[in-house]
Amino acid sequence: MTFRATVLTLYPEMFPGHLQYSLSGKALERGDWSLEAVQIRDFAADRHRTVDDTPAGGGAGMVLKPDILAAAIDAAAPEGDTRPKLLMSPRGRPLTQTRVRELADGEGCLIVCGRFEGVDQRVIEARGLEEVSIGDYVLSGGEPAALTLLDALVRILPGVMGNALSGVHESFEGDLLEHPHYTRPQAFEDRDIPAVLTSGNHAAIEKWRREQAEELTRTRRPDLWQRYLRNRS
Ligand code: SAH
């Protein structure tokens, strides 16, 4: 099954962006997923193709008009299209690997990229847009956020990553950050690869990696660590 992504944006030329390279790019060429970037401006009816207007109640900046955006959404996802409709937004629920996995298990998604001060609240409600944030900072537009979401999503689609196993032991899977990695040379400056990793003792290696992952999570991410402890007990 092909995962179908549709992105609504004022800058369709920003897509597929970095996703045309490396494994996601090869998967796109193979048709493991598809990407359509729709120009919101094409749905503006007036001579100047206006997509934004001043905020009701006053204040700085401009707001994306609900009628134009709704027309673009309805054209890109006609009735019967059951894909989740997302709006990249700093007010949204912070994106997690769990949500990424849920989306990747589905048939695709529609992603609206905001610009300016954001979008009219009524279109969010009327079209049931799920607001998704990629972190507690403000970007100038939703495009890099959409590319980030798609990057996380596409890499776990079936067949995209060569070694399927490398998706399993990673950071956030099972609420732990990943253990450190090493490769040759055996000695780098005055640092050696930890001896256990070259011991050939797989049980000891597993144990060491788990301890490292736990220690990293405990010290760097107390929030994840608490969740890990809760889920383990
Ligand atoms: N005035 C808004 C910010 C608008 S930023 C506020 O304070 O909430 C312009 C657009 O960039 C947003 O509509 C959204 O689509 C995108 N954006 C900015 N920061 C983001 C984030 N952390 N996650 C996802 N999208 C973001």
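Select I134 to begin: this residue sits in the loop between β7 and α5 (143-154), where helices (H or I, at least four residues) and strands (E, at least two) are DSSP runs numbered from the N terminus. The model you are looking at is predicted, so local features need pLDDT of at least 70 and side-chain atom pairs count only at pLDDT 80 or more, while totals for chains, interfaces and linings use all residues. Residues are numbered from 1 along each chain as its sequence is written, and side-chain values use heavy atoms, with hydrogens and water left out.

A pocket here is an open set of points on a 1 Å grid over the protein atoms alone, with protein on both sides within 12 Å along at least five of seven lines, and its lining residues have an atom within 4 Å of a point.

Now show the ligand, whose space is the second largest pocket; a molecule sits in a pocket if more than half of its atoms lie within 2 Å of the grid points. Of the 19 residues around the ligand, M88, G114, G135, Y137 and L139 come nearest, and a residue counts as near if one of its heavy atoms lies within 4 Å. By class, this shell has 9 nonpolar, 8 polar and 2 charged residues, with Gly counted among the polar ones. Colour β5 (85-94) and β7 (130-133), each of which supplies at least two residues of the shell; β5 gives the most, with 3 residues.

Then look for polar contacts, which are pairs of N or O atoms within 3.5 Å. A polar backbone atom of E117 is 3.0 Å from a nitrogen atom of the ligand, and a backbone N or O atom of G135 also lies 3.0 Å from a ligand nitrogen. At G141, a polar backbone atom is 3.5 Å from an oxygen atom of the ligand. Taken alone the ligand exposes 560 Å², of which the protein buries 85%, the areas coming from the Shrake-Rupley method with a 1.4 Å probe.

Finally, visit the backbone elsewhere. Select F15 and P16, which are joined by a cis peptide bond with omega of about 0°; P16 is in the loop between β1 (3-9) and α1 (22-30). The peptide bond from R184 to P185 is also cis, with omega near 5°, and P185 is found in the loop between α5 and β8 (187-188).

Key. A polar contact is a pair of N or O atoms within 3.5 Å; within protein, one must be able to donate a hydrogen and the other to accept it, and residues adjacent in sequence count only if both atoms are side-chain atoms. On a 1 Å grid over the protein atoms alone, a cavity is a set of points where a 1.4 Å probe fits but cannot get out, and a pocket is an open set with protein on both sides within 12 Å along at least five of seven lines; lining residues have an atom within 4 Å of a point.
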